[in-house]
Amino acid sequence: MVSYGKVDIGLIRKTNQDNIFICDTNIGALSNLYIVADGMGGLANGDRASQTAISEFVKYIKDLEDVVLTTPEQIINFLRRGVNHTNYILYKKSKELFGIDGMGTTFTAATIIGNYIYISHVGDSRAYAINKRHIIQLTIDHSLVQEMYQNGLIALDEMSTHPMGHMITRAIGTSEITKIDNFMYELVDVDYILLCSDGVTRMLTDDELFTIITKFQNNTLEKLVDNIIYNANLNGGHDNIALIMLANLEVN
């Protein structure tokens, strides 16, 4: 398996609140680990929130290297416990340092074991599976516009341009307990996995992302990532941009 990731400040923001983590080799009890975290711009220290969340989660994974993970349920529960732990630590630090207006971040963590990807997800960063024919969004956004779409209040093509598009309904660190989406996805006929913040998805539609990926699929992952960032900025670069691309996906 190969991977490449990058963070770009974009064209509008004065600070970068996105962070990523990439580990292609064994880490704790996992075979690999990939994380995208997007600090909440509306709260203090969004950059600190995303960085702290990643650091605490990685520490949790490393500290429990002897955990037995032989079934999908064990892997999913391990990731869930890690995110719950991370949420509690970030919430506690937030209350100690900032009171009610503290730190919050999206958090999308993934690991590939065998022919499956396991994902724990909070917020509106996304995970996609891509092949030569289509792009599939694996995660569901925890956002106000997603709820509006599901309730029939807006159309699908209005979601990326809606003025409330930045408002998320779940985050890490903003409450003592948070709801986490945890699932596995079989990597059959999947060429790439993309993890990214909304700095990508608010600037590029799924069709535009698919066009870029298929156009540059014979290039290196670095060139592919750079072209996604270039086009996100070309379309406005309204937010920080974070993404990780994975290829050659199966891990024994």
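## A walk through the predicted fold

The buried residues of helix H2 pack against helix H1 (46–63), strand E4 (107–113), strand E5 (116–122) and strand E8 (181–186), where helices (H or I, at least four residues) and strands (E, at least two) are DSSP runs numbered from the N terminus, and contact means heavy atoms within 4.5 Å. This is a predicted model, in which local features need pLDDT of at least 70 and side-chain atom pairs count only at pLDDT 80 or more, while totals for chains, interfaces and linings use all residues. Residues are numbered from 1 along each chain as its sequence is written, and side-chain values use heavy atoms, with hydrogens and water left out.

Among the buried residues of H2 are Ile75, Phe78, Leu79, Val83 and Leu90, where buried means under 20% relative accessible area, exposed over 50% and partly exposed in between, with a 1.4 Å probe and protein chains only.

The aromatic rings come next. A pair of aromatic rings is described by the distance of the centres and the angle of the planes. In the whole structure a search finds three aromatic pairs, counting rings of Phe, Tyr and Trp (its six-membered ring) whose centres lie within 6.5 Å, with planes under 30 degrees apart called stacked, over 60 edge-to-face and the rest tilted. One of these joins phenylalanine 57 and phenylalanine 107 edge-to-face, at 5.2 Å centre to centre and 65 degrees between the planes. Since phenylalanine 57 lies in helix H1 and phenylalanine 107 in strand E4, the pair ties together parts that are 50 residues apart in sequence, and both phenylalanine 57 and phenylalanine 107 are buried. Tyrosine 60 and phenylalanine 78 have ring centres 6.0 Å apart and planes at 35 degrees, so this pair is tilted; tyrosine 60 belongs to helix H1 and phenylalanine 78 to helix H2, so parts 18 residues apart in sequence are tied together. Tyrosine 60 is buried with a relative accessible area of 15%, and phenylalanine 78 is buried with 0%.

Isoleucine 180 sits in the loop between helix H3 (144–150) and E8, and it counts as buried because its relative accessible area is 12%. Although isoleucine 180 and serine 120 are 60 residues apart in sequence, their C-alpha atoms are 6.6 Å apart in space. Leaving aside residues up to four places away in sequence, isoleucine 180 touches several residues, including Arg80, Val83 and Ser120.

Elsewhere, five strands form an open sheet in the order E1-E10-E9-E6-E7, with antiparallel pairing; two strands pair if DSSP finds at least two bridges between them. Strand E1 (2–8) and strand E7 (135–137) are the edge strands, each pairing on one side only. Within the sheet, strand E9 (residues 192–196) and strand E10 (residues 241–247) run antiparallel and are joined by five bridges, and leucine 194 stands opposite methionine 245 in E10. Helix H6 (residues 221–234) packs on the sheet, touching E1, E9 and E10, and its direction makes about 150 degrees with that of E10; axes are lines fitted to C-alpha atoms, for helices over the stretch in contact, and angles run from 0 to 180 degrees between N-to-C directions.
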